[in-house]
Amino acid sequence: MSSEELKLNVEKALDEIRPFLQSDGGDINLLSIDDGKFVKVQLVGNCTSCSVNQMTLKSGVEMTIKKYAPQIERVINVE
């Protein structure tokens, strides 16, 4: 998978997750994909102060991104 295809797949995954975050007053932005296996995102809005944002990141965001791009090893939230 090329880096452009990888980015498109990660964006598709975020588009799948975004409505759930937006319904709680939050959102997510893709910052970068490093070495083809680490995705850096930024949770914004209500997601920044939510007490379960790390759980959302791991079980929701990371799992969905891996569904679209299995080579991704880790999703990192940059504050």
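Predicted model: local features only at pLDDT ≥ 70, side-chain atom pairs only at ≥ 80, totals over all residues.
## Overall fold

The chain contains two helices and three strands, arranged along the sequence in the pattern α-β-β-α-β. Its radius of gyration is 12 Å, close to the 12 Å given by the globule rule for 79 residues, so the chain is as compact as a globular protein of that length. Along the principal axes, the C-alpha atoms occupy a box of roughly 35 × 20 × 20 Å.

Of the 79 residues in the chain, 33% are buried. The accessible surface amounts to about 4,700 Å², and carbon and sulfur atoms hold 52% of that surface. Among contacts with a separation of 6 or more, 46% link residues 24 or more positions apart.

## The sheet

The three strands make an open sheet in the order β1-β2-β3, with mixed pairing. β1 and β3 (74-77) are the edge strands, each pairing on one side only. From one strand to the next, the twist averages 30 degrees.

β2 and β3 run parallel and are joined by four bridges. On the β3 side, K40 stands opposite I76, and V41 stands opposite N77.

In β3, V75 and N77 belong to the covered face, whereas R74 and I76 belong to the uncovered one.

Helix α1 lies across β1 and β2, and runs at about 160 degrees to β1. The largest nonpolar core has 17 residues, and V10, L14, V39 and I65 have the most contacts inside it. At least two residues of this core come from each of α1, β1 (26-34), β2 (38-45) and α2 (53-68). The largest share, six residues, is supplied by α1. Nonpolar side chains tend to be buried together in soluble globular proteins.

I65 illustrates how the core is connected. Not counting residues up to four places away in sequence, I65 touches V10, A13, L14, V39, I72 and V75. Of these, V10, L14 and V39 are listed with I65 among the residues with the most contacts inside the core, and V75 lies on the covered face of β3.

## R18, a buried arginine

R18 lies in helix α1 (residues 3-23). R18 has a relative accessibility of 15% and so counts as buried, the cut-off being under 20%. Leaving aside neighbours within four places in sequence, R18 is in contact with D27, I28 and N29.

## D35 and the hairpin turn

β1 and β2 form a hairpin with three residues between them. D35 is located in the loop between these two strands. The phi of D35 is near 55 degrees, a positive value in a residue other than glycine. Most residues other than glycine have a negative phi. With a relative accessible area of 67%, D35 is exposed, since that value is over 50%.

Methods
Residues numbered from 1 in each chain as written. Heavy atoms only, no water. Buried < 20%, exposed > 50% of the residue type's maximum accessible area, 1.4 Å probe, protein only. Contact = heavy atoms within 4.5 Å. Core = buried A, V, L, I, M, F, W, Y, C linked by side-chain atoms within 4.5 Å. Pairing = 2+ DSSP bridges. Axes fitted to C-alpha atoms, helices over the stretch in contact; angles between N-to-C directions. Rg over C-alpha atoms; globule rule 2.2 N^0.38 Å. Areas by Shrake-Rupley, 256 points an atom, 1.4 Å probe, with all protein chains shown as cover.
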